[in-house]
Amino acid sequence: MSIKEPTFDIDIPARRPGIHPLALLSKVSEGRYWAYFLILPSLILVALVILYPVLHGINLSFQELRLTRPQNNGFIGLEHYRELLLEDKVFRIALWNTAIYVGGGVIAQFIVGLVAALALNKGGIVMKAASVVVLLPWILPSVVAGNIWALMLDARLGVLNDIFVNLGLLPQYKAWFADPATALPATMVISLWRGFPFFTLLMLAGLQAIDDDLYEAAAVDGANRWQQFWAITLPMLRPVIVATVVLRVIGLVNAPDLVLLLTNGGPGYATQLISLYAVQNAFTDFDFGYAGAISVVTFVILMIFTALYVRITRASQE
Amino acid sequence: MSKHTSDQLWSLLAYVVIIVIMIFSLGPIVWTVLTSLKPEADIVTSELQYLPQRITFDNYVAIWNRSGYQRLISNSAVVTFLTLTICMLIGTLAAYGFSRYQFRGRNQILMVYLIIRMFPVVLMIVPLWIIMRSVGLLNTHFGLALAYTTFLLPLCIWMMKGFFDAIPPELEDAARIDGCTRLSALFRVVLPLARGGLVATAVFIGISAWNEYLFALMFTNSQNTQTWPVGLALMVGEFQLPWGALSAGGVISIVPVIILFGIVQQALVRGLTAGAVKG
């Protein structure tokens with residue numbers, strides 16, 4: 001159809017000469033390709049900024065690509081993977097730290113998040129106001145969260161040090177991020193502070209969707225609150241719990257922000273995580289190929305975890 | 001123990017629990033605000049001051065007038081605006097398409113948009129950095145905004161789809177019987193009804209872009225494009241920024257976030273829940 005051809009569509013007033021762009025769009029909206037037209041821009045953008053780069057990144061992991069030593073660049077097959085999985089001691093430490101950071105982190109965040117959601121679910125104006133306060137840390141930027149806690153745990157000025165000393169829990173102020181034994185746990189506390197509201201948010205929504213009749217029926221049958229929690233609340237929350245745990249694991253594995261800001265992996269390798277290790281390889285050493293291999297391994301681990309986790313939770317449900 | 005006293009005990013327990021958790025959540029934020037109001041001399045004393053004995057706004061003046069700080073804020077505002085424009089325009093259309101129409105590949109594409117969230121950040125940052133450098137988008141506002149769409153567009157689509165799903169299609173059918181085209185039904189019926197969802201999604205996308213640190217650190221390298229999280233982090237490292245000014249800088253940057261979040265919190269919760277739980 002040429003642009004100058006007159007149209008007699010009922011939606012377009014005849015007084016308009018030619019085809020107005022909006023009128024053309026209206027016409028497209030009546031055609032059979034309307035749905036594709038709606039999603040096409042997103043498909044193009046996702047292909048350009050996500051799928052193409054990711055394929056490019058996977059390809060990089062089979063290449064030697066260092067900006068600092070361009071003469072060696074080229075295809076090297078699985079060499080990076082061999083080095084990473086068989087020889088790299090730092091990667092092994094980072095993998096172990098990540099397991100603790102993510103595993104311990106998710107469990108702690110889940111428990112605190114669930115307890116908060118159960119309390120908030122009581123309802124009422126007080127609890128509504130409280131829910132805004134409880135959710136606040138979740139929307140704060142990592143930079144501010146890092147600064148806040150760095151100040152509170154500071155070895156000279158930290159208010160938490162002062163409180164602990166006054167309560168007799170500590171003999172003197174402590175440099176939490178300088179001691180390899182406390183650096184990772186301290187980081188995990190900050191991660192808990194920022195992360196538990198996510199669980200609260202989604203589980204609160206899950207709790208509100210549970211029918212009150214179920215509890216009344218259980219009460220009539222003589223079940224106490226503890227029994228009701230195990231027999232009704234937890235099973236009903238199950239889909240929400242599965243979804244939030246998966247999302248949170250993915251989020252924690254992929255986010256090097258906090259350690260990047262607070263410790264850069266130190267002291268020694270005490271807070272080295274695989275996400276941070278990949279960032280350091282990419283943007284400190286400019287070893288793009290190796291960073292690519294670390295990312296691909298991370299992705300594979302996440303896929304395997306998600307598949308297993310969903311399968312296990314599904315099996316135990318049946 | 002009678003049922004009545006038992007209920008009261010549980011109620012009491014809920015309030016005690018929530019007060020403890022609120023102290024945990026709010027304590028660090030309150031401490032930052034208190035620190036930002038103290039003169040530097042009172043922050044670095046040997047005897048810790050819990051409440052500021054002298055209140056001053058010098059820290060706010062100092063950080064605001066610091067060279068480059070206002071530029072950081074305006075850079076962040078521009079990048080946030082661009083990210084919002086791209087995500088909301090493209091994301092809203094796509095979400096509406098997914099919500100209303102069945103077509104070949106629909107479920108597969110939705111699944112891909114979900115799996116994308118599993119991609120490690122570095123897997124995307126490195127190649128994206130190489131690509132943007134070769135097309136000249138590195139160190140530009142638009143380039144950074146485009147990089148943000150990698151994780152915000154799929155999220156935006158899933159959230160908005162949840163809001164559109166909640167609007168009965170019968171309303172559009174009625175409008176179409178009255179002679180509306182699909183396009184005008186979208187603009188006259190659906191979008192006005194989804195207004196709350198649109199605002200909540202926009203606020204969430206905006207906050208995420210405003211707060212983002214890692215991409216901004218890698219994709220900007222000069223004062224002309226650096227955003228405030230990067231600038232603030234660099235000030236700490238390079239200039240040994242005093243704690244008072246640092247706290248004030250943090251407070252200035254999170255005030256808009258907290259206000260917006262407070263306003264749209266309820267709608268936001270609904271949208272996130274719809275997207276995340278179904279996913």
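Mentor: A residue is called buried if 20 or more other C-beta atoms lie within 10 Å of its own, exposed if 12 or fewer, and partly exposed in between. Please bear in mind that this is a predicted model.

Trainee: Why is N264(A) called partly exposed?

Mentor: N264(A) has 15 C-beta neighbours inside 10 Å. A residue needs 20 or more to be buried and 12 or fewer to be exposed, so N264(A) counts as partly exposed. N264(A) lies in the loop between α11 (257–262) and α12 (274–283) of chain A.

Trainee: What is the phi of N264(A)?

Mentor: The phi of N264(A) is positive, about 50°, although the residue is not a glycine. Most residues other than glycine have a negative phi. F286(A), also not a glycine, has a positive phi of about 55°.

Trainee: Where does F286(A) lie, and what makes it partly exposed?

Mentor: F286(A) is in the loop between α12 and α13 (288–317) of chain A. With 14 other C-beta atoms within 10 Å, F286(A) is partly exposed. D285(A) lies in the loop between α12 and α13 of chain A, and D285(A) counts as partly exposed because it has 13 C-beta neighbours inside 10 Å.

Trainee: How far apart are D285(A) and L67(A) in sequence and in space?

Mentor: D285(A) and L67(A) are separated by 218 residues in sequence, and their C-alpha atoms are 8.5 Å apart.

Trainee: What is the confidence in chain A?

Mentor: The mean pLDDT of chain A is 85, and 93% of its residues reach 70 or more. Confidence in chain A is lowest in helix α1 (residues 21–30), at a mean of 78, and highest in helix α4 (residues 89–120), at 93. Over residues 1–10 of chain A, pLDDT stays under 50, and the model has 5 contacts beyond four places in sequence for that stretch.

Trainee: What are the numbers of helices and strands in chain B, and what makes chain B more spread out than a compact globule?

Mentor: Chain B has 13 helices and 0 strands. The globule rule gives 19 Å for its 279 residues, but the radius of gyration of chain B is 23 Å, which is well over that value, so chain B is more spread out than a compact globule. Its C-alpha trace spans about 75 × 75 × 35 Å along the principal axes. Buried residues make up 45% of chain B.

Trainee: How do you know that α10(B) is mostly covered?

Mentor: Of the 17 residues in α10(B), 12 are buried. Among them are G197(B), F204(B), I207(B) and W210(B). Helix α10 (residues 195–211) of chain B reaches 24 Å from its first C-alpha to its last, close to the 24 Å expected at 1.5 Å a residue.

Trainee: How is chain B divided into domains, and where are their bounds?

Mentor: Chain B has domain 1 (3–36) and domain 2 (59–278). Their centres, taken over C-alpha atoms, are separated by 32 Å. In the contact between them, 4 residues of domain 1 of chain B meet 7 residues of domain 2 of chain B. The domain 1 side of that contact has 1 nonpolar, 3 polar and no charged residues.

Trainee: How many residues of chain B are in contact with chain A, and into which classes do they fall?

Mentor: There are 75 residues of chain B in contact with 75 residues of chain A. By class, the chain B side has 56 nonpolar, 17 polar and 2 charged residues.

Technical notes
Residues are numbered from 1 along each chain as its sequence is written. Chains are lettered from A and ligands numbered from 1 in the order in which they are written. This is a predicted model: local features need pLDDT of at least 70, side-chain atom pairs count only at pLDDT 80 or more; totals for chains, interfaces and linings use all residues. Domain bounds come from an automatic or database domain assignment. Two residues are in contact if their C-beta atoms, placed from the backbone, lie within 7 Å. Ala, Val, Leu, Ile, Met, Phe, Trp, Tyr, Cys and Pro count as nonpolar, Asp, Glu, Lys and Arg as charged, and the others, Gly among them, as polar. Helices (H or I, at least four residues) and strands (E, at least two) are DSSP runs, numbered from the N terminus. The radius of gyration is taken over C-alpha atoms; the globule rule is 2.2 Å times the number of residues to the power 0.38. The expected span of a helix is 1.5 Å times one less than its number of residues. pLDDT is the predictor's confidence in each residue, from 0 to 100.
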